[in-house]
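Hi,

Here is the structure I promised to pass on. Have a look at it first, and then read my notes below.

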Amino acid sequence: MIRRWDRVRKRRPRPRYLVIKDSVRRRVSDSGPFDDPTGFFTRAVFQKVLDRVVDENTGTERPLGLFIFDLDDFRILNDTHGVAAGDEYLRQLGKALETFLPSNAIKARIGGDEFAILLDETDANKARVFAEELARYLRDFAPVMNNRSLQMTASIGAAVFPDHTMRANDLILKAEGALREAKRKGRGKTQVFDPASLSREMVSILRGQTDRIRLALLHQRFVPYYQPIVDVATGKVVSAEVLCRLREEDGRICAPDTFMDAAERFGLVTAIDRLVISMAFDALVAQRKKLPQEFEISLNLSSLDFDDDALVADISRLARSKGIRPGRITFEITETAALRDIKRVQTFTAALAAEGFRFALDDFGMGFSSFRYLRDLPLATVKLDQSYIRSIDSQPANRVFVKGVSDICRGLKIRTVAEGVENHETLNSLKELGVERAQGYLFGHPVPDLPYTKP
Ligand code: C2E
Ligand code: CA
Ligand code: CA
């Protein structure tokens, strides 16, 4: 597998994600990946391809531009000329775009009149220029149908990796947000995502979110879920990561991507973290007869937690009052959090580490992957980000990265945990590379009860 990939690259130095695109194309070709009139990818396939491409570019940080556009008057065309005319327009548009776009562009029709285009080597500046060119091209595109030439404008939104986000789903959300902004300006307009200007719509969505979060805090509807972490050598569950969930009034369980962003923006995340920490400590105590004595848990901290001057004292008081040995508790910190104010993070971690609490650097590989934190923070663990782990067997570079980090950490007596382990091949690779612990759907999804291996 690795060899073949290398050969492909040596012989033809073409953009790397085209290789993926072909393999995805092959893999999904039986399940109808292509949209009918245009021959582009469907939304479902596009999401998979985007996931893979973003994974691929993580680490090298080669920029990617995602453009989402929709045709301003397509519904009118469908209503007045019929669906067949609409399909014919789309077919011709598909053909025209094939010639207009660079040959390695990834193209998808993601909605009735909504398209996505992914371009490599495209940063925010290039995205701005390209969006304008595309808008002009679409405005001038006028296929002749029923002896009439049909002209339409399109609104375009764009977002770029890694400047606006490093997550594939988020890239789509941000390009779609930019598209809504473009539409607000009128027809045929373009907009590149601007982190500084939250649209009024976004602000009001976030406001609504804060009411939802405040209510959930009031009624203690944030609950800890637990995902097992296993020892790679023995296969035993030795620890669990606490992952927060919001239980809606109707009982639905929601993951952090539906509330964390708003919670952070409106300063509510520390209240959530306090609640989750205390509930997880309670669970450790309640389950102490069942759990192995040294069973560990790890808890996520947000960068805002370090601004809360009382948190250190509250955590140590809480552990003491419940009779929990601090060595069983690890707090996970992301590089972004450390980056924001390294001095504060150092004070916070030093105080808790002095009492025996442990710290992990989370999502290592996502950001700058600076080794400085391995030196400057009292780390017991480094968690290797899932984007490296999931493609460890298909991406030689990721394997090298994981091996390097694992070797360095071993030398520094820092434990490594691989995240996002979904199959046995990955687990075997991790064994070979000397990664000590693993977490992922292969061993279990996050669940409401503490997982452990029965003796
Ligand atoms: P994270 O700390 O990187 O947590 C790992 C995420 O990956 C979890 O998503 C988990 O469910 C998911 N995951 C685990 N194994 C696999 C796998 O094999 N494949 C794939 N595709 N995904 C896997 P979740 O629970 O949605 O949490 C998302 C993020 O929300 C977390 O990322 C963490 O940054 C944040 N978070 C969760 N709970 C808390 C909390 O109590 N406090 C704070 N501040 N942040 C939290
Ligand atoms: Ca984590
Ligand atoms: Ca993580």
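At what angle do helix α4 and helix α5 pack, and how far apart are their axes? Before I get to that, some housekeeping. This is a predicted model, where local features need pLDDT of at least 70, side-chain atom pairs count only at pLDDT 80 or more, and totals for chains, interfaces and linings use all residues. Residues are numbered from 1 along each chain as its sequence is written, while chains are lettered from A and ligands numbered from 1 in the order in which they are written.

**Helices that pack**

Back to the question: α4 (residues 74-81) and α5 (residues 83-100) pack at about 135°, with their axes 6 Å apart. Helices here are DSSP runs of H or I with at least four residues, strands are runs of E with at least two, and both are numbered from the N terminus. Axes are lines fitted to C-alpha atoms, for helices over the stretch in contact, and angles run from 0 to 180 degrees between N-to-C directions. α4 and α5 are therefore oblique to each other; under 35 degrees counts as roughly parallel, over 145 as roughly antiparallel, 65 to 115 as roughly perpendicular, and the rest as oblique.

On the α4 side, the contact is made by Phe74, Leu77, Asn78 and His81, and on the α5 side by Val83, Ala85, Gly86 and Tyr89. (Two residues are in contact if their C-beta atoms, placed from the backbone, lie within 7 Å.) These divide into five nonpolar, three polar and no charged residues. For the classes, Ala, Val, Leu, Ile, Met, Phe, Trp, Tyr, Cys and Pro count as nonpolar, Asp, Glu, Lys and Arg as charged, and the others, Gly among them, as polar.

Next, go to α10 (residues 269-286) and α11 (residues 311-322), whose axes come within 10 Å and cross at roughly 20°. That makes α10 roughly parallel to α11. Ile277, Ser278, Phe281 and Val285 of α10 meet Ile315, Leu318, Ala319 and Lys322 of α11. By class, that contact has six nonpolar, one polar and one charged residues.

α11 also packs with α13 (residues 342-354), at an angle of about 20° and with the axes 10 Å apart. That makes α11 roughly parallel to α13, and this crossing is right-handed too. Here the contact is made by Val312, Ile315 and Ser316 of α11 and Phe348, Ala351 and Leu352 of α13. It has five nonpolar, one polar and no charged residues.

**Strands and sheets**

Now find the open sheet of five strands, in the order β2-β3-β1-β6-β7, with mixed pairing. (Two strands pair if DSSP finds at least two bridges between them.) β2 (106-111) and β7 (190-192) stand at the edges with a single partner strand each, so one side of each has no neighbour in the sheet. From one strand to the next, the twist averages 20°. β1 (residues 64-71) and β6 (residues 154-161) pair in the antiparallel sense over eight bridges, and Phe67 stands opposite Ala158 in β6. Helix α6 (residues 124-140) lies across β1, β3 (114-120), β6 and β7, running at about 160° to β6.

Further along, β14 (residues 381-384) and β15 (residues 415-418) pair in the parallel sense over four bridges, with Ala418 of β15 as the bridge partner of Leu384. β15 also pairs with β16 (residues 437-439), again parallel, over two bridges.

Most residues other than glycine have a negative phi, and most peptide bonds are trans. The peptide bond from Phe161 to Pro162 is cis, with omega near -5°, and Pro162 lies in the loop between β6 and α7 (168-184). Gln220 has a positive phi of about 50° although it is not a glycine; look for Gln220 in the loop between α8 (200-218) and β8 (222-231).

Cheers

Notes. A crossing is left-handed if the near helix is turned anticlockwise from the far one by less than a right angle, and right-handed if clockwise.
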